[in-house]
Amino acid sequence: MKRNRSYYIILVLILFVVTYSAYAAYQKQKNGPVFLDNHVFQRYNEQWGLWVDLNAEKKSLLEKASEFGILAQEVMEINHLKESDLTRLKRSIFFPYSAEYMRGLQEKELFRETVESPIDQFIWPVLPNHKSRISSRIGRRWNTWHTGLDIAIPKNSIVLAAADGVVEEAGRGGDYGLAVKIYHHDMNHFHTVYGHNQELLVKPGDVVRKGQIIAFSGNTGKSTGPHVHFEVRFHNVYLNPENFLTPYEEGVATSIVGFAD
């Protein structure tokens, strides 16, 4: 009888340790740092690298792949490209970094930024930028209802996913121009929308992380100037995005961290 009781106590202790460890890991994730993509470190399909417009750089895929220390075939696979696509490529493609290339970036003291953000909070969809400003808020405007938050920012600026989620829509959306719609299952089934982009870097079905680059900003659709139109929706009800964000005047409190962290 005593032996059975000892086994029972040991089992309870093991369950306690496992449960506590899982809870601690969850809390760490919940309150941990969020990595923000920038002009050096960007993510796609859980890999770090860079989105490159080969036409703008006037380089071949092979030349750029060699620069990053990877094989051209790796680039073709992650972008789902065929040889025939290369002759009429009119969009940016993602180049993953080799481990050696990433070490070189650290030696040059190039880093990524982080922001502390709880799992149930959105982050601003643009990087801290002295050239950005809120140009229009949700509410009545020009005898219509403005459904989101407009953030004026230079064309081709980085647009970030405000939270983890799955891309539901990515393409032309009427007045929204080139837009992305993301479904956030872990945030009580909210949706976010990012409109008027110049170029989209994700497609429907892509899993994205908070702080991941999803587009380059632009002036497409019904727009009077370069900006990001950002919406937060719940069951297709438009909510005020600022209720889910840190105050804009405070910007985004960031800290610099190395790539390997």
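In the predicted model, Gln 42 stands opposite Gly 49 of strand β3. Gln 42 itself belongs to strand β2. Three bridges connect β2 with β3, the latter spanning residues 47-52. The two strands run antiparallel.

This pairing is part of an open sheet of three strands. The strand order is β2-β3-β4, and the pairing is antiparallel. Strands β2 (42-44) and β4 (93-96) form the edges, each pairing on one side only. From one strand to the next, the twist averages 60°.

The surroundings of Gln 42 were examined next. Its relative accessible area is 3%, so Gln 42 is classed as buried, the cut-off being under 20%. Beyond residues up to four places away in sequence, Gln 42 touches a set of residues that includes Gln 47, Trp 48, Gly 49, Leu 50 and Trp 51. Asp 37, Phe 94, Ile 158 and Ile 213 are also among the residues touched by Gln 42.

With neighbours within four places in sequence left aside, Glu 57 contacts Val 52 and Lys 64. The Lys 64 contact includes a polar one between the two side chains, at 2.7 Å.

Key:
Residues numbered from 1 in each chain as written. Predicted model: local features only at pLDDT ≥ 70, side-chain atom pairs only at ≥ 80, totals over all residues. Heavy atoms only, no water. Pairing = 2+ DSSP bridges. Helix = DSSP H or I, 4+ residues; strand = E, 2+ residues; numbered from the N terminus. Axes fitted to C-alpha atoms, helices over the stretch in contact; angles between N-to-C directions. Buried < 20%, exposed > 50% of the residue type's maximum accessible area, 1.4 Å probe, protein only. Contact = heavy atoms within 4.5 Å. Polar contact = N/O pair within 3.5 Å; in protein donor to acceptor, adjacent residues only side chain to side chain.
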